[in-house]
Amino acid sequence: MHISPLGRCVFMSSAVMERKKWRRLALHQRVICIHQVVGRLICDASIIYHILSAWPYYCLVTASTSILAKTSITRIPDLFTMSLHQKPPFRAEHLGSLLRPSELLEVRHQIDHGEKGLEKDLKAAEDASIQDIVKKQLGLGFHGVSDGEYRRHMFWGTFFPGLNGFEEIQQPDIDIFRMYVPDIAAFTESGHKPGETVICTGKIKHVGSTYVDQWNYLKNLLPAEKQHEAKLTLAAPEWYHLRYKTGRAYPTDVYASDAEYFADIAKAYRAELKILYDNGLRNVQIDDPNLAYFCSEKMLQGFKDNNEDSDALLDSYIKLYNDCLSERPADFHIGVHLCRGNFVGGRHFSEGGYDAIATKLFRDLNVDTYYLEYDTPRAGGFEPLKFLPKHKNVILGLITSKFPALEDIEQMKRKVYQAAELIAEGAGESREQALNRLGVSPQCGFASHSDGNNVGKEDMIKKLELVRKLADAIWPGQP
């Protein structure tokens with residue numbers, strides 16, 4: 001891997017100077033030594049912050065590892081590696097979607113009800129709303145700033161409708177759906193048709209990004225040194241597959257198998273990620289309730305009753321993810337957010353802990369960070385976090401976005417420490433090391449559907465303030 005000039009300079013001199021000393025020192029003395037060396041080279045804390053912000057977090061670690069290998073130094077002190085927390089993710093996060101202001105919703109509702117000629121009004125309302133919410137996020141101390149998903153009707157946006165080969169079906173045949181998939185079951189059992197039905201009708205091809213304009217507008221509202229921190233949320237690659245029965249997600253005369261279909265989805269996804277990366281995006285959160293549905297005993301029983309192999313399907317989805325991400329640069333942070341539904345009014349669709357999928361989710365899925373719902377008992381306990389590898393992060397979604405009541409901060413702190421203990425136990429590390437791979441957030445967005453949850457604007461602000469306060473209490477001084 002390429003080592004930056006900065007990393008080579010800092011660590012070459014320090015390693016050569018201190019080689020013999022490293023061999024003699026006990027662990028606690030080594031910690032002191034490395035801080036003395038770095039302190040002599042870079043004494044201004046603000047310089048350290050800007051250097052770490054401007055270069056990929058791994059640059060220093062990679063450089064030091066390479067130098068140490070050449071000097072017979074066998075390890076980097078734990079405290080030093082702990083100080084290089086990956087940025088992103090951050091200690092305080094939110095999940096992207098934020099409550100839309102009434103002015104924006106009013107224009108959108110007029111358009112939804114058939115009024116014409118309001119495109120410019122909508123764009124103006126979106127722009128003004130995004131400018132305001134970006135300032136608000138920065139003022140609250142958040143680094144993974146989003147545009148609130150203010151240009152979207154639903155959280156997943158328009159990736160699939162923007163591909164050649166996909167069409168939205170207004171009156172779908174109910175027979176194409178797996179009726180035991182949680183969101184499909186919730187809609188049909190309440191007498192409604194399943195939500196937005198987009199289906200493959202031909203050969204899939206990426207013909208241009210539907211996200212890049214959203215990203216560029218957000219990026220240009222931020223100072224250059226903060227643009228790499230901002231976050232864009234993306235649709236899950238298998239979003240329009242799980243809901244459909246086997247063989248009904250695509251025409252069989254176009255794709256003979258899921259493998260062929262997934263190959264073109266992955267190709268389109270890679271093209272999308274490249275465009276976004278080339279435009280400066282470095283922080284992606286993929287929103288995927290589908291993966292959490294594999295924790296639902298009710299859905300898993302539906303697969304068994306229909307003689308379908310849910311384990312094999314989950315394996316195929318993880319392979320699809322990994323194919324989608326196979327060409328991403330090393331400084332492109334990718335996280336995946338799992339929740340059990342967050343529809344209008346904060347309605348959820350499924351229940352079940354992560355136990356059923358923990359091994360595959362944490363060890364086989366090639367992402368950096370997991371944003372996990374943990375605000376209610378329906379998400380289970382923290383025990384599955386024992387399977388988290390040492391090189392991955394978890395953002396604990398402890399604060400609910402569904403209701404306005406504020407959580408007790410001391411109870412939330414205890415939960416973070418409990419999660420850290422279990423991660424440490426599974427990874428064979430200290431609680432402090434495990435804490436270094438954690439952050440906190442709401443369990444989901446505040447408006448996965450544009451109409452939002454059962455909270456007001458001030459309620460949302462108080463929730464976000466609580467997230468920031470909780471993070472500061474556990475990791476003081478960290479972003």
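**Close-up views of a predicted protein model**

Figure 1. Ile318 has its place in helix H13, which spans residues 310–324, in a model that is predicted. With a relative accessibility of 7%, Ile318 counts as buried, because the cut-off for that class is under 20%. Once its neighbours within four places in sequence are left aside, the residues in contact with Ile318 are Lys360, Leu361, Asp364 and Leu365. For Lys360, the separation from Ile318 is 42 residues along the sequence, while the C-alpha atoms of the two are 8.0 Å apart in space.

**Figure 2. The whole protein chain, for orientation.** The protein chain contains 17 helices and 8 strands, and 57% of its 479 residues count as buried. Among the contacts in the protein chain with a separation of 6 or more, 80% are accounted for by residues 24 or more positions apart.

**Figure 3. Thr233 and Glu149, joined through their side chains.** Thr233 belongs to strand E3, made up of residues 232–235, and is buried, with a relative accessible area of 3%. The side chains of Thr233 and Glu149 are joined by a polar contact of 2.7 Å. Glu149 itself lies in the loop between H7 and strand E1, the latter covering residues 164–168, and is likewise buried, its relative accessible area being 2%. The backbone of Glu149 has a positive phi of about 60°, although Glu149 is not a glycine. Beyond its neighbours within four places in sequence, Thr233 is in contact with Leu95, Gly96, Glu149, Arg152, Phe155, Tyr211, Gln285 and Asp287.

**Figure 4. The packing of helix H6 with helix H7.** Two packed helices are described by the angle between their axes and by the distance between those axes. Helix H6, residues 102–112, and helix H7, residues 119–139, pack with their axes 9 Å apart and at an angle of about 155°. H6 and H7 are therefore roughly antiparallel to each other, since angles over 145 degrees fall into that class. The crossing in which H6 passes H7 is left-handed. On the H6 side the contact is made by Leu104, Val107, Arg108 and Ile111, and on the H7 side by Asp121, Leu122, Ala125, Glu126 and Ser129. Sorted by class, this contact of H6 with H7 has 5 nonpolar residues, 1 polar residue and 3 charged residues.

**Figure 5. The crossing of helix H15 and helix H17.** Helix H15, residues 409–427, and helix H17, residues 457–474, have axes that come within 10 Å and cross at roughly 55°. That angle makes H15 oblique to H17, and H15 passes H17 in a right-handed crossing. From H15, the residues Ile409, Met412, Lys413, Val416 and Tyr417 meet Leu466, Lys469, Leu470, Ala473 and Ile474 of H17. By class, the contact of H15 with H17 has 8 nonpolar residues and 2 charged residues, with no polar residue.

Figure 6. Gly428 lies in the loop between H15 and helix H16, which is formed by residues 431–435. With a relative accessible area of 61%, Gly428 is exposed, because the cut-off for that class is over 50%. The C-alpha atom of Gly428 is separated by 9.6 Å from that of Lys386, a residue 42 positions away along the chain.

Figure 7. Most residues other than glycine have a negative phi, and most peptide bonds are trans. The peptide bond from Pro88 to Pro89, by contrast, is cis, with omega near 5°, and Pro89 has its place in the loop between helix H5, residues 78–83, and H6. Asn307 has a positive phi of about 55° although it is not a glycine. The location of Asn307 is the loop between helix H12, residues 297–305, and H13, and at 73% relative accessibility Asn307 counts as exposed.

Methods:
Residues numbered from 1 in each chain as written. Predicted model: local features only at pLDDT ≥ 70, side-chain atom pairs only at ≥ 80, totals over all residues. Heavy atoms only, no water. Helix = DSSP H or I, 4+ residues; strand = E, 2+ residues; numbered from the N terminus. Buried < 20%, exposed > 50% of the residue type's maximum accessible area, 1.4 Å probe, protein only. Polar contact = N/O pair within 3.5 Å; in protein donor to acceptor, adjacent residues only side chain to side chain. Contact = heavy atoms within 4.5 Å. Axes fitted to C-alpha atoms, helices over the stretch in contact; angles between N-to-C directions. Parallel < 35°, antiparallel > 145°, perpendicular 65-115°, else oblique. Left-handed = near helix turned anticlockwise from the far one by under 90°. Nonpolar A, V, L, I, M, F, W, Y, C, P; charged D, E, K, R; others polar.
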